[in-house]
Amino acid sequence: MNKSLVVLFLIIAFPFYAQVKVKDTITRRANIGYDQKGNLVNFKPETPPLIPIAGAPKPSYSYLWELGDGHYSKEAEPKHVYKNKGVYTARLAVTNNYDNGKPPATRPKKVVVNDIEDTNYKDIASIADQSGLTIFKNCDPIPEQEIQVVVSYENLENYVTNGKLYLFFNEKQFKNNNFDLQEVRSYFNERTVKENNVVSADDIDNSNRYLASNDTLAFTKNYRETTNETNLDSTLLAAKNMYKDVSILEIDDHNPGETRNVFYTFKTTRQMIKDTSATITMRSIYVPNRSFKNHKIKNLEMEIVTSHDPNKMGSNGSFMNYRFVRYKRVKFKTSFQNNGEGPARKIQLETDIPDMFDKTSLKIESMYPECPICPKGEVATTSCLDVIERETQIFFVFRNIYLPGSNQKNVKEIDSTKGFVKYSMKFNEDFHKIKTKSRTAIIFDKNEPIITNYATTRFTPGISIGAKAGYNFYSNLDNSKSYFVGATVSPFKSYRYYGQAEFLNSFTSYDGATTFSEKVDQSAGTVNLKKITTSIENKNINWEIPVLFRYNISTYFGVGAGFQINMNVSEQQTQNIKTDVYEGTSDKFLIRTEYSTTTSSNSFAELKSGLLFDFTAGFARIGPSLGARYVLNFDNNFNYIQLYGIWKF
């Protein structure tokens, strides 16, 4: 083609092409590679390059291998011996830590075993803590990403059992679902069943009963560690009340001492909670024998994240009910990982403590590496956790420990490079309903500090119902009498700013204008003077609906301003006519006095609106107080002052 024609074509086509957005459809992928010799398989991942985040530690991958026969591994390149001939489906979940991109997607891969050459097969290892039940995930949840959850259960009885395994998820305290269950993979003929008496469809939408309940902060029983329980009905009811969804598996022919693994793939929803300091949970319940009520319980706690950062801070105080938290403990957890090429011997966590928490109530719930608390006033010579209190911080210092680095030679188990401190505190005696933020500076040996995300605590609005009564003063009405009763609705014990709506029913009476007139009556053949006095009495039943914005100046004083509508529900007007009849055309000789009364009534006759300005003194946030309000109506010159008493509950 002629070069000039090519240039001309490009000039014509370029404006059109420049208007078309080219969608980036490139997906990062990790592939499963392996070397095989009979039934011995060496797995090797093929991963895309990591994308470092400026200022963050060196990025790395962590792995969860599902080997297709019920076994799993967290090693980067695991070796596995298959027991039997067959076709196995291997799966790999890759998590990108400190990486500026999405986790690489993977596809399952078939492994065909035709020969048994290696007899060094090992059964699934017994659960390390002899609890009989464990649960873990491959990463913390990010919206619209996959997360793998593994539940391991072990038959600790001395006979073959037929049991049941529950996994509850999607807590009712959150409006939207956090997880969609994509797939359940079991390898020992466990079968999925439904139990209508465990999770009823009628209960799923009735989540408001459980919103910001006491369970948000602490369960009735401590399910953080595996426990042996006997009241299965109570346990299932508690789980049903806390979670919307459940997966149930029935287990058959479970041999004594045998451990089994079940793999769950979840997809986090787009609508999942975005609070990066929030802690969400799943709960696993294992019933070894379906004929008995004995069971084991374990919770899986997860922090919401925006990227896979092993160094983070979270709290279970994201949605607290202010009425019920005074004597509750709020739990915090700071997690860390040594990404160095060598072990860390000292790890210092410099944690902010908001003013509203009582540092003297600090309680260490658990930690890893596990070690005793350092003795006060002594130089630590053994492994221990030193707790140092500062004015606005608490330092948690692991001394004389050995925490391997993820880039250290011969470190195969990535979890061995991670640690955490979980602690709880109570609130101060006088704490307010305000949001708090805190974060931690993590220092490995003498390296530069790594700053975590903010862990926040916040309170749900709650509802405060108030009873209100008082008197209205109408300066422009004659002989007015007006009193009212009503109710108010506002957030419970707001610290400073809040909105308030009211409904008031008032009873008002006042006199209308009195008129005087004279006339000469000659209708009866005589001349009589009549003096007529007309007076009016008004009685109204009135509904007032104020909506105002209030501000608490302190614990004892508050101000507000807003808008209200005023409707006369019932009006009654009584007209009294008094007629004095005199002889002749003068008022010297009174002959008689005549009285007459006419009454008229009306309903929903008049609608008024106006502005209001308010001041209260007493207990501004909760309890009794006195108030004064000025209402400026937009029409009819119907302004008035209101004095009242109110009690908020």
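Modeller: The largest cavity has 14 lining residues, and Arg550, Thr616, Ser625, Ile646 and Lys648 are the ones nearest its centre. A cavity here is a set of points on a 1 Å grid over the protein atoms alone where a 1.4 Å probe fits but cannot get out, and lining residues have an atom within 4 Å of a point. This is a predicted model, in which local features need pLDDT of at least 70 and side-chain atom pairs count only at pLDDT 80 or more, while totals for chains, interfaces and linings use all residues. Residues are numbered from 1 along each chain as its sequence is written, and side-chain values use heavy atoms, leaving out hydrogens and water.

Colleague: What volume does the largest cavity have?

Modeller: Its volume is about 80 Å³, taken as the space filled by probe spheres set on the points, with grid points joined across faces, edges and corners.

Colleague: And how many cavities of 30 Å³ or more are there?

Modeller: The count is 2, and the second largest cavity holds about 70 Å³ of space. Among the residues lining that second cavity are Tyr474, Asn540, Lys608 and Phe638.

Colleague: Switching topic, which peptide bond is cis?

Modeller: The bond from Tyr368 to Pro369 is cis, with omega near 0 degrees.

Colleague: What about Asp445, is phi positive or negative there?

Modeller: Asp445 has a positive phi of about 50 degrees, although Asp445 is not a glycine. Asp445 is partly exposed, with a relative accessible area of 30%, where partly exposed means between the buried limit of under 20% and the exposed limit of over 50% (1.4 Å probe, protein chains only).

Notes
On a 1 Å grid over the protein atoms alone, a cavity is a set of points where a 1.4 Å probe fits but cannot get out, and a pocket is an open set with protein on both sides within 12 Å along at least five of seven lines; lining residues have an atom within 4 Å of a point.
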